[in-house]
Amino acid sequence: MIDLRSDTVTRPSAAMLQAMVSAPLGDDVMGDDPTVIQLQVAVAERAGKAAGLFFPSGTQSNLAALMAHCDRGDEYLVGQLAHTYKYEGGGAAVLGSIQPQPIEHAEDGSLPLEKLAAAVKPLGDAHFARTRLLALENTFHGKLIPAAYIQAATDWARGQGLGTHLDGARVFNAAVASGKPLADMCRPFDSVSICFSKGLGAPVGSVLVGSQELIARAHRWRKMLGGGLRQSGVLAAACLYALAHNVDRLADDHENARALAEGLRAIPGVKVLSQDTNMLFVEFEPSRCEALTAALAKDDIQMRAVYGGPTRLVTHLDVSADDVRRVVQAVARHLA
Ligand SMILES: Cc1ncc(COP(=O)(O)O)c(C=O)c1O
């Protein structure tokens, strides 16, 4: 089966599973799971931050971060299509009592500074929520957000007295694509949520990094959100394995996505809208979408060709260069 729906679909390799079963364990709610501690220290160090905290999911890590930055009745500035705003069930508002202020994205995924500035509410006026935080995402729908923009936006936020958070679910893709160390991608932000269950191939796990004070606040929220796990070293071991073995190879996923885009571009009835890092957005001839999805499924290729809209295709650990050739041939055959 070639599954192009997301990079979250990877299965743990035999070596990763072995690392999980042989991990030394403790009780992480009591703070003594050695494997969780090792992961938190390793990720914080690599990200250039003082502390790290293990979470079962990126959604919970982002939410605890937003709650650590903002109090009840505060507001955060966030992209209209950002994961924390659009795809996390409205958790910031529902569970955090934090008002999101969505901002329309520019073509490159950034949030224009003039739009951000216009959205900041006057302090000390009881009519308004207090604007407290700017949250960005990198990569954003596969796009590498320009480093100069990130610097300018976070400098601006600091000038306004706002905190800064990065949803770095795929920040390792950003680091590999830009040829920079992880710490360079994280430096402009007060907190970064990093996922291990996307391109890095772990079954679950995220680490939130930031200052000791911020992580201490997030730790309390994690407990309240039900994210305090006991022998979670068994999960952290998968993340440590991914950190050691699966980071540099993200470049292969980016190259496979580029090859997939090139192959599909040559097929009549397919329009490649964009390709960045490990993601492509493609439009198929609308009348063929349903039949194409069904025909590919029979070839053991999973993707959902979206009628009249962009279809997202994602490369990952379980998609090889040969698989990419197979997909291109299959799409060409079915659309011929
Ligand atoms: C950009 C981004 N942020 C956060 C998340 C949430 O991660 P999780 O599925 O582990 O909750 C995802 C999940 O796909 C994501 O794509």
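**A residue and its surroundings**

Modeller: Leaving out residues up to four places away in sequence, Ile194 touches Val43, Ala47, Gly168, Val171, Phe172, Leu182, Gly205, Ser206, Val207 and Val209; contact here means heavy atoms within 4.5 Å. The model is a predicted one, in which local features need pLDDT of at least 70 and side-chain atom pairs count only at pLDDT 80 or more, while totals for chains, interfaces and linings use all residues. Residues are numbered from 1 along each chain as its sequence is written, and side-chain values use heavy atoms, with hydrogens and water left out.

Ile194 belongs to the largest nonpolar core, which has 50 residues, and together with Leu39 and Phe196 touches the most other members. Such a core is a set of buried Ala, Val, Leu, Ile, Met, Phe, Trp, Tyr and Cys residues joined through side-chain atoms within 4.5 Å. Buried stands for under 20% relative accessible area, exposed for over 50%, and partly exposed for what lies in between (1.4 Å probe, protein chains only). Helix 11 (residues 233-245) supplies the largest share of this core, 8 residues. Helices (H or I, at least four residues) and strands (E, at least two) are DSSP runs, numbered from the N terminus. Another core, of 26 residues, lies apart from the largest one, and includes Leu260, Val270, Leu296 and Val324.

From the nonpolar cores we may turn to the charged side chains. The count of salt bridges comes to 16, a salt bridge being a side-chain nitrogen of Lys or Arg within 4 Å of a carboxyl oxygen of Asp or Glu. One of them joins Asp74 and Arg130, with 2.8 Å from N to O. Asp74 is buried, at a relative accessible area of 0%, whereas Arg130 is partly exposed, at 39%.

A further salt bridge is formed by Asp276 and Lys143, whose closest N and O atoms are 3.9 Å apart. Here too distant parts of the chain are linked: Asp276 is in strand 9 (residues 270-276) and Lys143 in the loop between strand 5 and helix 7 (147-159), 133 residues apart. Asp276 is partly exposed at 25% relative accessible area, and Lys143 is partly exposed at 22%.

Arg158 and Asp190 also meet in a salt bridge, at 3.8 Å from N to O. Arg158 sits in helix 7 and Asp190 in the loop between helix 9 (182-186) and strand 7 (191-195), so that distant parts of the chain, 32 residues apart, are linked. Arg158 is partly exposed, with a relative accessible area of 39%, and Asp190 is partly exposed, with 31%. Where salt bridges share partners, Asp71, Asp74, Arg130 and Arg132 are joined into one network.

Beyond neighbours within four places in sequence, Arg222 is in contact with Asp28, Gln40, Leu53, Phe54, Phe55, Gln60, Gly227 and Gly228. Arg222 also lies over the face of Phe55, at 6.0 Å from the ring centre. For this arrangement, NZ of Lys or CZ of Arg must be within 6 Å of the ring centre and within 35 degrees of the ring normal. Arg220 lies over the face of Trp221, at 5.9 Å from the ring centre.

Asp3, finally, has its place in strand 1 (residues 2-3) and is buried, with a relative accessible area of 10%. A polar contact of 2.6 Å joins the side chains of Asp3 and Arg5. Setting aside neighbours within four places in sequence, Asp3 is in contact with Val9, Gln302, Val314, His316 and Val319.

Methods. Polar contact = N/O pair within 3.5 Å; in protein donor to acceptor, adjacent residues only side chain to side chain.
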